[in-house]
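Me: I would like to go through some of the labels used for this model and ask, for each one, what it rests on. Please set the value against the definition each time.

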Amino acid sequence: MDRFAVLLAATGLPRMTSRVFVSLVTADADGLTAADLVRRLRVSPASVSKSIGSLEAMELVVRRSDPGRRRERYLIDDDVWLRAWQADTGAHGEIATAALRGAELFGAGTTAGGRLDRMGRFFARLSDQMRGSTLADAVAYDVLTVLAALVHAGRPLTLDAVAAALGWPRDRAVAALDALRRRPDLADPLALRTVVPGTYAVTVRPDRLTPAQREALER
């Protein structure tokens, strides 16, 4: 659960908010109360309240009254991904990648893994459909050239190594890599992977193969 929270935090979601969101994603269908979250995460009620407020603002969480009790439950319902799309957090590709990695961490046969897999595939399709926002032709060409260089090298390369091999100014390589980070769909069916800061490689885009398909291919 902590590993998935770290992945979400990498998309720009605050770490505490990420931890609350992951707790709700992996909870049973009836969700959790604020007190449940405080106990589970061992944090203050104020931290939980602030995170819930942020998630509600992004349309990622809904609240329901707890029948017969004077308290509310927070949960992820079946319409959350549609509402999140309508709210548009601006990070669909990154959310897809984090969710699909989370599905692999929890396992496709688990409730949390299945929920995360559906989430990841939804945002991956959404990212694909948003390709109408075009980049300049020159930058798009450079993006494909950088991908070709990384595939041909077959090993991680530093930013400076990419620029030197292609005979480009460093700023041109930086612009191409920045475009890839902002628009991961441009690399489809590949994905840019940061090995360590400043060093890059390519991998298969996570939503193109299910965990079961990956496992079968690795046998």
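Me: Which residues does Val 20 touch, leaving aside residues up to four places away in sequence?

Reply: With those left out, Val 20 touches Leu 37, Leu 41, Ser 51, Ile 52 and Leu 55, where contact means heavy atoms within 4.5 Å. Please keep in mind that this is a predicted model, in which local features need pLDDT of at least 70 and side-chain atom pairs count only at pLDDT 80 or more, while totals for chains, interfaces and linings use all residues. Residues are numbered from 1 along each chain as its sequence is written, and side-chain values use heavy atoms, with hydrogens and water left out.

Me: What makes a set of residues a nonpolar core, and which members of the largest one touch the most other members?

Reply: The term stands for buried Ala, Val, Leu, Ile, Met, Phe, Trp, Tyr and Cys residues joined through side-chain atoms within 4.5 Å. The largest such core has 28 residues, and those touching the most other members are Val 20, Phe 21, Leu 24, Leu 37, Ile 52 and Met 119. A second, separate core of 17 residues includes Val 143, Ala 173, Leu 177 and Ala 179.

Me: Why is the pairing of Arg 205 and Asp 188 called a salt bridge?

Reply: The rule asks for a side-chain nitrogen of Lys or Arg within 4 Å of a carboxyl oxygen of Asp or Glu, and the N to O distance here is 3.9 Å, so the pair qualifies. Arg 205 lies in the loop between strand E6 (199–204) and helix H11 (211–218), and Asp 188 in the loop between H10 and strand E5 (190–196), 17 residues apart.

Me: Is Arg 205 buried or exposed, and how is Asp 188 classed?

Reply: Buried means under 20% relative accessible area, exposed over 50%, and partly exposed in between, with a 1.4 Å probe and protein chains only. Arg 205, at 7%, is therefore buried, whereas Asp 188, at 24%, is partly exposed.

Me: How do you know that Glu 72 and Arg 63 form a salt bridge?

Reply: Their closest N and O atoms are 2.6 Å apart, so the pair meets the criterion. Glu 72 is partly exposed at 34%, and Arg 63 is partly exposed at 35%.

Methods: Helices (H or I, at least four residues) and strands (E, at least two) are DSSP runs, numbered from the N terminus.
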